[in-house]
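Please consider the following note alongside the coordinates. It takes up the ligand site and then the strand pairing.

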Amino acid sequence: MVKLNKIAEDIPGTILAKVEYFNPGHSVKDRMALKMIEDAEARGDLKPGGTVIECTSGNTGMGLALACIVKGYSLICTMSDKQSKEKIDILRAVGAEVYVCPTNVPPDHPESYYSVAERKSKEIENSFWVNQYDNLSNRLAHYESTGPEIWEQTDGKVTHFVVGVGTGGTISGVAKYLKEKNPDVQIWGVDSYGSVFKKYHETGEFDEKEIYSYITEGIGEDILPKNVDFSLIDHFEKVTDRDGAVVTRELAKKEGLFLGYSGGSAFQAVRQLKDKLTKDDVVVILFHDHGSRYVGKVFNDDWMRERGFLNEEKKTAQDLFADHKDLPLLLVNSGEPVHNAVAIMRKFGVSQLPVMEEGKFVGSIDDSRLIPALAADPSARDKEVRNYMRAPFPVVQLSDPLTAVAKYFNEENGAVLVDQGQGRYQIITRHDLVASMS
Ligand SMILES: Cc1ncc(COP(=O)(O)O)c(C=O)c1O
C-alpha cells in the first residue's frame with residue numbers, strides 16, 4: 001500500500017494506493033488467474049496436458065501464462081485489437097498462442113474475442129475455457145486475498161474502495177470482504193464512457209445505446225459479467241478516455257507510480273468525487289497493472305497528440321518558474337553601482353536582473369551588456385546600473401501559455417517577469433524556458 005502525496009493534496013482524507021504491479025505478471029490478475037486454474041483442476045475441468053483458453057485484455061492472459069508454464073498446460077488467448085501491441089507481444093513471449101480479434105463487433109458476433117474463445121474451446125479436445133467474466137473463482141480470489149490484505153494493511157480503517165471494473169472480479173470480491181467486515185465501507189466502481197455498467201446499476205436497464213467503442217483498456221463492458229455483483233457497489237463513476245490517459249501520466253510524474261491506463265481512470269474518479277470525502281476518510285484505490293505495457297500508447301506523446309489528449313498538459317507561465325517559485329525575485333536598483341549587480345549575479349548564478357527605481361521596473365541588466373562594458377572600461381564597475389540598462393523585461397500573466405511567453409525571448413531580451421498579483425513578481429529566464437521544453 002502506498003500513500004499518495006502531491007497528486008492528492010487537494011483531496012480530503014488519506015488516499016492510499018494498492019499497487020498491484022508487484023505481482024509476478026505485473027498485474028492484479030495473477031491472483032484470479034491462478035485461482036481459476038486451481039479451482040478448474042479441483043473440479044476436474046482441467047486435466048494434465050490440457051489447453052487453457054481465454055479471452056483477455058492481456059493481464060489475465062499473463063497471469064494464466066505463468067500458471068500454465070508452472071503447471072504444464074498450453075495457453076490460447078483471444079484479444080481485441082484495441083489492446084496495446086506490448087500486451088500481445090508479451091503474451092507471445094511467455095508462450096501463449098494469441099488471436100487478435102476486431103473490437104468493433106458485438107459480443108455475439110462470430111469474430112468477437114468472446115466467440116472465438118468459445119469456439120476454440122469446443123474445437124480443441126481436453127481444453128478449458130476459463131471465461132473470467134462468468135467464472136466466479138475470479139471474484140473469489142479477491143475475496144480470499146485482495147480484500148483481507150486491504151483490511152489488514154489499513155488496520156480496518158478503510159472507508160472507501162475505488163477500482164476500475166471490467167469482469168467485476170476485483171471490485172466484487174474485495175467489496176464482499178470489506179462489507180462483511182464493515183458494511184459502511186463505500187465501494188466506488190470506475191466505468192468508461194461507452195460501457196453499460198453505470199446506467200444498468202442506476203436504472204436496471206441494459207441500454208445498448210450506452211455502448212460505443214472507447215480507448216481505455218481493462219474497464220467498462222458491453223456485457224454484464226456474472227462476476228459483477230451490482231448489489232455491493234455503491235456508485236459507478238465514468239471517466240473519459242482523455243482524463244484517464246492524462247492522469248496516468250500525471251501519476252508517473254508526480255508520484256513515481258508508473259501505472260497502466262486504468263490507474264489514471266481510477267485516480268481521476270476519486271478526483272471527480274472528492275466533494276463526497278472528508279478529512280477522516282481512508283480511501284484505497286487499486287491500481288491494476290504496470291505502465292510498461294502502455295509505453296506505445298499513453299506514455300507515447302505522438303499517440304496522445306493524435307487523439308488530442310495532450311492539450312490539457314499545455315504549460316502556462318505559472319509552470320515555467322515552478323522550481324524557483326518560493327525564492328524571492330532578485331533585482332537591483334538603478335542607482336546602485338554595477339559591482340553590486342555583478343555580485344548578485346555571481347552569488348546566485350544568474351545572468352540577468354530586473355532594474356527598479358521608486359518601486360517600478362525601469363530596465364534590465366544582463367551579462368551580455370556588462371561583459372564588454374567592463375572589459376572596455378574597468379571603472380564601469382563603480383558607475384550606476386542605469387548607465388548599462390536595457391529595456392525592462394516584458395511582463396506576462398500567470399495563465400499566459402508557454403507559446404505566448406516564448407515570443408518575448410530574442411537576442412535583446414532573455415527573460416520575462418510574471419505578475420503574480422499583489423505587487424509580487426517572478427522571473428522566467430531563457431534557462432527556465434529551455435528546461436520546460438526538454
Ligand atoms: C488494466 C486493467 N484494469 C482494470 C481491469 C478490471 O478488473 P476486473 O476485471 O477485476 O473488474 C482489468 C481487467 O481486465 C485490467 O486488465
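1. Basis of the note. This is a predicted model, in which local features need pLDDT of at least 70 and side-chain atom pairs count only at pLDDT 80 or more, while totals for chains, interfaces and linings use all residues. Residues are numbered from 1 along each chain as its sequence is written, and side-chain values use heavy atoms, with hydrogens and water left out.

2. Ligand shell. There are 16 residues around the ligand, and K29, G166, T167, T170 and S262 come nearest (a residue is near if one of its heavy atoms lies within 4 Å). By class, the shell has 11 polar, 3 nonpolar and 2 charged residues (Ala, Val, Leu, Ile, Met, Phe, Trp, Tyr, Cys and Pro count as nonpolar, Asp, Glu, Lys and Arg as charged, and the others, Gly among them, as polar).

3. Polar contacts and cover. A polar contact is a pair of N or O atoms within 3.5 Å. The side chain of K29 places an N or O atom 2.7 Å from an oxygen atom of the ligand. For the side chain of H288 the corresponding distance to a ligand oxygen atom is 2.8 Å, and a backbone N or O atom of G168 lies 2.8 Å from an oxygen atom of the ligand. Of the 390 Å² of accessible area that the ligand has on its own, the protein covers 98% (Shrake-Rupley method, 1.4 Å probe).

4. Six strands form an open sheet in the order 1-2-10-7-8-9, with mixed pairing (strands are DSSP runs of E, at least two residues, numbered from the N terminus; two strands pair if DSSP finds at least two bridges between them). Strand 1 (2-3) and strand 9 (235-239) stand at the edges, each with a single partner strand, so one side of each is left without a neighbour in the sheet. Strand 1 pairs with strand 2 (residues 14-19) in the antiparallel sense over 2 bridges, and V2 stands opposite A17.

5. Strands 14 to 16. Strand 14 (residues 395-397) pairs with strand 15 (residues 415-421) in the parallel sense over 3 bridges, with L417 as the bridge partner of V395. Strand 15 runs antiparallel to strand 16 (residues 424-429), joined by 6 bridges; T429 is the bridge partner of A415. These two strands form a hairpin with 2 residues between them, and Q422 in the turn has a positive phi of about 50°.

Terms used
A polar contact is a pair of N or O atoms within 3.5 Å; within protein, one must be able to donate a hydrogen and the other to accept it, and residues adjacent in sequence count only if both atoms are side-chain atoms. Helices (H or I, at least four residues) and strands (E, at least two) are DSSP runs, numbered from the N terminus.
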